[in-house]
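I opened the model to look up its chain contact, a sheet and some backbone details. My entries are below the structure.

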Amino acid sequence: MSDELTPSEQPMIEEEPGRATIGEQLAEVEPNPEAEMKRISRRSFIWAGMATMAGLGFIRWIATSPETDGLPAVLRKGLQLNESVWKGMYSTERLAPTYPDSEITPNPKVNGIGIPEKEISRDDYLLVIDGSSVAPKPDAQVGNDGRPALTIDFDELQTYSKTEMTTKFCCVEGWSQVIKWAGVPLAEIVMKYPPADPKAEWIYMETMEGDYYVAIDMKSAMHPQTLLAFEMNGQPLPHNHGGPLRLVIPSKYGIKNIKWVGVMRYTAERPDDYWGERGYDWYAGL
Amino acid sequence: MSGSGEKLRLEKKHPLAIRWFHWINFPVMSIMVWSGLLIYWATGYYSITLGGRTYFTFFPTRFYEVFSLDKRLAEGMGWHFFFAWIFAINGLLYVLFLLVSGEWRYLFPNRNSVKEAILVVLHDMFLTKKTPPRRKFNGAQQFAYTSIVLLGLMELLTGVAIYKPMQFSRLTGLLGGYEFARILHFVFMLAFVAFFLVHVMQVVRAGWNNFRAMVTGFELAPVEETPNV
C-alpha cells in the first residue's frame with residue numbers, strides 16, 4: 001500500500017496546480033494504463049501484504065510477551081508509561097469534584113476482599129505504622145516483629161482535622177456512586193509520623209487480617225482528599241464498608257480504597273498490590 | 001474494469017499518507033472496540049428501556065460467549081490504554097495531514113453536499129436512476145467521512161473524560177459527568193461500528209477499482225471525464 005511511484009522506475013512527473021493530473025500525464029507517457037495499473041498494484045499489494053504481516057506480528061508480539069504480574073509484559077510497560085505521564089501531571093492541588101448531599105447514592109454497593117469475620121469496635125482498633133522515624137512509645141504493644149509497634153488508636157485519630165467530603169467512588173468495573181465520607185487526612189498522619197527513609201515513595205497498606213493490600217504512591221497519599229475515613233453518609237463506617245477505618249482516595253479507582261486498614265508501611269521500593277499483581281494497573285489513578 | 005474499447009487513464013486518488021492512516025486505523029480501531037467490550041463486560045448494564053419496558057440489553061449473554069469477552073477486564077484495560085495512544089496519534093496526524101495538504105477540501109461538505117447526498121441516498125436505495133457525480137467523494141461520502149472523523153474525536157474526548165475524570169474533571173463535566181460521558185463513549189462506539197458495516201457494504205458495492213485505489217492510490221478512470229476537482 002505504501003509505494004509512491006519511485007523516481008527510479010517512473011518517469012519524473014510532478015503534480016502541479018493548474019496542470020494536468022498525474023493520471024493524465026501518465027496517460028500521455030504510459031500508453032497502456034491497465035498494464036501500468038497492474039504494475040503499481042503488484043507493488044502496492046506486496047507492500048500491503050508485508051504491512052499486514054508486520055501488524056499481525058506486532059499484535060502477536062504483544063499478546064505473547066511473557067506475563068508480568070498477570071499481564072503481557074508489553075501491556076504492563078504500556079501501563080507504566082501511562083503511569084509516568086499521569087504522575088508527571090499529578091498535582092495535589094487538583095481536586096476531585098464534590099457533590100451535593102442530594103446526589104448521594106442510596107444503599108451503596110458492597111464490594112471487596114478481606115472482610116474480617118468479627119466486627120472490630122473503635123475501642124479495640126489500632127493502626128500500625130511501620131517505617132516511621134518516630135519511635136514507638138516504650139509501653140507500646142509488641143508488633144509482629146517482636147518489637148514495640150508505633151500505633152494510632154481512635155482517640156488519637158480524633159485529634160486530627162476531621163474532614164467531610166462527598167465524592168464519587170469509581171470502580172474499575174465501570175460502576176460509580178456518590179458517597180459522603182468523614183475522616184482525617186492521611187497527609188496529617190504522614191506529617192506527624194514521617195518515613196524514616198527520606199526516599200520512601202510509597203505507602204503500603206493491608207487489611208487487619210492481611211488478605212488484601214494496596215500500594216499508594218506518596219504524592220497521591222498526600223492529596224488533601226485522601227482520607228482515613230471512619231464515617232459514611234453521616235453514620236459510623238459500617239463493618240462491611242471497611243469499619244472502623246478505611247482509606248478513601250478519590251484520585252484512585254475503588255481497588256485502592258482499602259477497607260479495615262490494619263497496617264501502613266513506608267517503602268522506597270514499590271510494594272505489593274493485590275490487584276496490581278493480578279493484571280491491573282499499579283497506579284490506577286483517575 | 002477494462003472497458004470495451006473505452007479509453008482509460010490512471011487517476012491519482014488517495015495520497016500515500018492517507019492510505020497509511022486509513023489502514024493503520026482499521027486494526028487499531030478493531031482492538032479498541034474489542035478491548036472496550038472486555039472492559040464494558042465487567043458492569044455491562046446498558047439497555048434500551050422505554051416506559052419501563054426493556055427492548056434490548058447490551059449485550060445478550062450469548063454475545064459475550066461467542067466472542068469470549070467475559071472475565072477479561074484487566075486484559076481489556078491493558079490493551080485499551082495502550083492502543084488508545086496509537087489511535088489518538090494516528091488520528092491527530094491524519095487530521096493534521098488533511099489540513100496541511102488541502103485534502104480537507106474533498107472531505108468536508110460544501111454547499112452542494114446536501115443536495116448531492118440526498119441524490120446519492122436515493123440512488124443507493126434504487127429510488128432514482130440519476131447517477132451521482134463521479135468525483136473523489138460525493139456529498140453523502142463527505143458527510144459520512146467528516147462525521148466519522150468527528151466521531152473519532154468524540155471517542156477520544158469521552159474516553160479521556162472517563163479515563164481520568166479527576167485530572168480532566170472540567171472536560172468530564174462538559175460531557176455531562178462521568179456516567180453520561182461513559183454512555184456517550186459507548187454510543188459513539190456503536191455508531192463507529194455501524195459506520196464500519198455500512199462502509200464495508202458500500203466498498204463492496206463500489207467494486208474492485210475503488211477498493212484498489214485505497215491500496216495503490218490510483219484508480220482507472222475513463223479519459224473523457226473531467227479529472228477530480
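The entries run from conventions to the interface, then to the two chains.

**Conventions.** I worked on a predicted model, in which local features need pLDDT of at least 70 and side-chain atom pairs count only at pLDDT 80 or more, while totals for chains, interfaces and linings use all residues. Residues are numbered from 1 along each chain as its sequence is written, chains are lettered from A and ligands numbered from 1 in the order in which they are written, and side-chain values use heavy atoms, with hydrogens and water left out.

**Interface, extent.** I looked up the contact (heavy atoms within 4.5 Å) and found 57 residues from chain A and 45 residues from chain B. I then took the buried area, defined as the accessible area (1.4 Å probe) that two parts lose on being put together, summed over both. For chain A and chain B this is about 4,600 Å², with 71% given by carbon and sulfur atoms. On the chain B side, B:Leu10, B:Met166 and B:Gln167 supply 17% of the area buried against chain A, more than any other three residues.

I applied the salt-bridge rule (a side-chain nitrogen of Lys or Arg within 4 Å of a carboxyl oxygen of Asp or Glu). The rule finds one salt bridge across the interface. It joins the side chains of A:Lys168 and B:Glu179, at 2.8 Å from N to O. I also counted polar contacts, meaning pairs of N or O atoms within 3.5 Å; within protein, one must be able to donate a hydrogen and the other to accept it, and residues adjacent in sequence count only if both atoms are side-chain atoms. Between the chains, nine residue pairs are in polar contact, both residues at pLDDT 80 or more.

I used DSSP runs numbered from the N terminus, with helices (H or I) of at least four residues and strands (E) of at least two. Elements that each supply at least two residues to the side touching chain A include strand S1 (8-12), helix H3 (73-101) and helix H8 (178-206) of chain B. The largest share, eleven residues, comes from H3(B).

**Chain B overall.** I noted nine helices and four strands in chain B. Its C-alpha atoms fill a box of roughly 60 × 40 × 35 Å along the principal axes.

**Sheet in chain A.** I traced an open sheet of five strands with mixed pairing, in the order S4-S3-S12-S7-S8 (chain A); two strands pair if DSSP finds at least two bridges between them. Strand S4 (150-153) and strand S8 (213-217) of chain A each have a single partner strand, so one side of each is left without a neighbour in the sheet. S3 (126-130) and S12 (261-267) of chain A pair in the parallel sense over three bridges. I checked A:Val128, whose bridge partner in S12(A) is A:Val263.

**Salt bridges in all.** I got 15 salt bridges over all chains. One of them joins A:Glu36 and A:Arg39, with the closest N and O atoms 3.4 Å apart. These two residues are three apart in helix H2 (33-63) of chain A, so about one helical turn separates them.

**Backbone.** Which peptide bonds did I find to be cis? The bond from A:Gly243 to A:Pro244 is cis, with omega near 10°, and A:Pro244 lies in the loop between S10 (235-236) and S11 (246-248) of chain A. The bond from B:Phe58 to B:Phe59 is also cis, with omega near -5°. I placed B:Phe59 in the loop between S3 (53-57) and H2 (61-66) of chain B.
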